[in-house]
Amino acid sequence: MQTIKPGLTTLSDALDIAFAEVPVMTPSEERPISDCYGAILRKDVIARVSVPSVDNSAMDGYALRHADLAAIDGPVSVVGASLAGHPFEGTLPTGSAIRIATGAAIPDGADSVIIQENVTANADETIIEIDADVIARASLHQNIRWLGEDIKTGDTVLKAGTILRPQDIAIAAGQGFGSLSVARPLKVAVFSTGDELAKPGDPLPPGGIYDSNRFAMIGMLRSIGCEVTDLGLLTDNFDVLQNALSSAAKSHDLIMTSGGVSVGKADLLKPVVDSLGEIAAWKLAIKPGKPLMRGKIGDCLVIGLPGNPVSVLVSGLLYVLPLLRHAMGADHSKLAPTRIPVRAGFDFKRGTGRREWLRARLVQSDDGEFEAIAFSSTSSGMLSSMVWAEGLIELPENCGQVSKGDQVLYLPLQGLQ
């Protein structure tokens with residue numbers, strides 16, 4: 001039985017609630033296909049042409065009538081050529097062959113293609129000889145691709161909600177689409193809070209640390225196509241934060257912050273958002289990343305991430321990016337992370353009640369199988385662990401122990417971005 005610590009919400013429940021409460025926030029826009037990589041499609045793409053558009057050859061070779069092959073007992077005349085974009089005109093004469101290139105239209109009368117490696121041709125390719133064993137192996141319709149066998153006119157080749165990959169753009173281009181209806185990028189304002197923070201490039205004051213979280217947030221947001229406004233560092237002051245959030249909410253779809261969402265004296269973000277709008281969710285049953293806040297100011301969504309850098313990255317990848325893709329109209333079935341069952345190459349004990357992600361990578365063991373190894377520390381302040389990691393090991397809420405050799409779930413970081 002799954003046991004969750006009181007006052008906390010599981011990640012899956014938090015996302016389901018957020019998907020229900022946060023609407024699709026951005027309108028559609030028509031964009032040239034060369035600018036659509038990574039965008040979210042908002043209108044189905046319906047095939048305009050069949051692919052292939054004609055019956056064509058899958059190989060370079062010679063097009064013949066299969067019925068003629070049994071009667072061949074000598075050289076065969078090559079009476080023409082069919083090239084891609086330049087089909088043979090007329091009908092294949094009985095007992096003859098047509099030189100044909102990959103992708104070229106099958107000549108009228110031909111119903112089989114023998115690849116060029118299986119024939120012997122004279123210097124000018126006007127005569128070919130075909131060995132008896134090649135003829136014996138030849139089959140009707142071999143090496144022919146049929147009209148519409150890949151795509152038929154009227155097929156839905158891409159569905160609304162698709163996160164467009166290079167292959168998706170390619171299939172739209174192959175259907176003659178010069179532009180696509182996609183989601184307008186979310187406009188996001190980003191800042192970090194904390195009087196201990198310094199801007200990279202500035203002198204580091206005593207006891208200070210350089211702000212890294214803001215750059216992690218900006219990178220994650222840009223990876224899904226958001227338009228980011230960098231508000232920099234804001235001090236731990238109620239009035240400063242209130243003015244900044246009030247102003248940003250008027251011109252952005254989302255405000256995303258790091259720090260100030262826990263329960264310390266200087267954690268002011270939650271009361272500031274409460275004074276301007278409302279808090280919809282707070283505290284997830286996850287590790288790292290428990291003190292995560294979702295709220296809104298008017299129509300502007302507000303996400304407050306924890307201050308520890310690993311918490312920012314893990315909660316950002318597993319909660320924020322799926323939510324923001326939802327807000328741009330993504331198909332929910334495409335938002336779940338890839339989970340690969342692998343063998344654990346480590347021992348680990350912990351308390352239960354929260355879903356936890358260990359920083360990990362895969363290594364090949366002596367028996368040739370891949371197994372996951374975990375970083376030496378679970379500290380959420382060790383940013384170097386995320387640089388070392390190539391993935392995350394997911395431990396369910398009720399899992400208190402992992403022993404070497406157990407099966408665990410591995411989430412590649414590349415699949416989360």
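Two strands pair if DSSP finds at least two bridges between them. Helices (H or I, at least four residues) and strands (E, at least two) are DSSP runs, numbered from the N terminus. This is a predicted model, in which local features need pLDDT of at least 70, side-chain atom pairs count only at pLDDT 80 or more, and totals for chains, interfaces and linings use all residues. Residues are numbered from 1 along each chain as its sequence is written, and side-chain values use heavy atoms, with hydrogens and water left out.

**Hairpin and partners of E24**

- The hairpin of E24 and E25 has five residues between its strands, and Gly368 takes a positive phi near 90° there.
- Strand E25 covers residues 370–374 and pairs with E24 in the antiparallel sense, over five bridges.
- Ala360 has Ala374 of E25 as its bridge partner.
- Strand E26 (residues 391–395) also pairs with E24 in the antiparallel sense, again over five bridges.
- Trp357 faces Glu394 of E26.
- Strand E19 (residues 286–287) runs parallel to E24 (residues 355–364), and two bridges join them.
- Ile286 has Arg355 of E24 as its bridge partner.

**The six-stranded sheet**

- Six strands form an open sheet in the order E16-E13-E17-E21-E20-E18, with mixed pairing.
- E16 (227–234) and E18 (278–282) are the edge strands; each has a single partner strand, so one side of each lacks a neighbour in the sheet.
- On average, neighbouring strands of this sheet are turned by 20° against each other, direction ignored.
- Axes are lines fitted to C-alpha atoms, for helices over the stretch in contact, and angles run from 0 to 180 degrees between N-to-C directions.
- Strands E17 (residues 254–258) and E21 (residues 300–305) run parallel and are joined by five bridges.
- Leu254 stands opposite Leu301 of E21.

**Helices on the sheet**

- Helix H4 (residues 213–223) packs on the sheet and touches E13 (187–193), E16, E17 and E21. Contact means heavy atoms within 4.5 Å.
- The direction of H4 makes about 165° with that of E13.
- Helix H5 (residues 238–249) packs on the sheet too, touching E13, E16, E17, E20 (293–297) and E21.
- The direction of H5 makes about 170° with that of E13.

**H4 against H7**

- H4 and helix H7 (residues 309–327) pack at an angle of about 25°, with their axes 10 Å apart.
- H4 and H7 are therefore roughly parallel to each other. Angles under 35 degrees count as roughly parallel, over 145 as roughly antiparallel, 65 to 115 as roughly perpendicular and the rest as oblique.
- Their crossing is right-handed. A crossing is left-handed if the near helix is turned anticlockwise from the far one by less than a right angle, and right-handed if clockwise.
- From H4, the contact residues include Met217, Met220 and Leu221; from H7, they include Val312, Leu317 and Leu324.
- The contact of H4 with H7 holds 10 nonpolar residues, three polar and one charged. Ala, Val, Leu, Ile, Met, Phe, Trp, Tyr, Cys and Pro count as nonpolar, Asp, Glu, Lys and Arg as charged, and the others, Gly among them, as polar.

**H5 against H6**

- The axes of H5 and helix H6 (residues 269–276) come within 10 Å and cross at roughly 50°.
- H5 and H6 are therefore oblique to each other.
- H5 passes H6 in a right-handed crossing.
- Among the residues that meet are Phe238, Leu241 and Leu245 in H5, and Leu269, Val272 and Leu276 in H6.
- The contact of H5 with H6 has eight nonpolar residues, three polar and no charged.
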